Amino acid sequence: MSEGTRFCSYCDQPITQEQPGTPVVKISISAGGARLWLHNKCPKRPAFVRRTPS
């Protein structure tokens with residue numbers, strides 16, 4: 001697999017110096033072992049929701 005441009009898994013925009021990203025810990029087996037990347041501040045990333053049992 002080539003080390004070309006990396007793309008965010010949520011918004012499909014490239015990971016750049018202006019919009020840095022980090023690799024996700026899990027590795028996609030269906031993608032041949034490629035690491036999935038996410039922007040550090042992705043606009044489409046879902047908000048953290050804490051659910052507590054009632």
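Q: How much of the chain counts as buried?
A: This is a predicted model. Of its 54 residues, 17% count as buried.

Q: Why is H39 called buried?
A: Buried means under 20% relative accessible area. H39 has 3%, so H39 is buried.

Q: Where is H39 found?
A: H39 belongs to strand 2, which covers residues 34–39.

Q: Is C42 buried or exposed, and how do you know?
A: The relative accessibility of C42 is 9%. The cut-off for buried is under 20%, so C42 counts as buried.

Q: What is the place of C42 in the chain?
A: C42 lies in the segment after strand 2.

Q: Which residues does C42 touch, leaving out those up to four places away in sequence?
A: C42 touches C8, Y10 and C11. Touching here means heavy atoms within 4.5 Å.

Q: How far is C42 from P20 in sequence and in space?
A: They are 22 residues apart in sequence. From C-alpha to C-alpha, C42 and P20 are 9.6 Å apart.

Q: How many helices and strands are there in the chain?
A: The chain has zero helices and two strands.

Q: What is the accessible surface of the chain?
A: The total is about 4900 Å². Carbon and sulfur atoms account for 53% of that surface.

Note on methods. Residues are numbered from 1 along each chain as its sequence is written. This is a predicted model: local features need pLDDT of at least 70, side-chain atom pairs count only at pLDDT 80 or more; totals for chains, interfaces and linings use all residues. Side-chain values use heavy atoms; hydrogens and water are left out. Helices (H or I, at least four residues) and strands (E, at least two) are DSSP runs, numbered from the N terminus. Buried means under 20% relative accessible area, exposed over 50%, partly exposed in between (1.4 Å probe, protein chains only). Accessible areas come from the Shrake-Rupley method with a 1.4 Å probe; for residues, only the protein chains shown count as cover.
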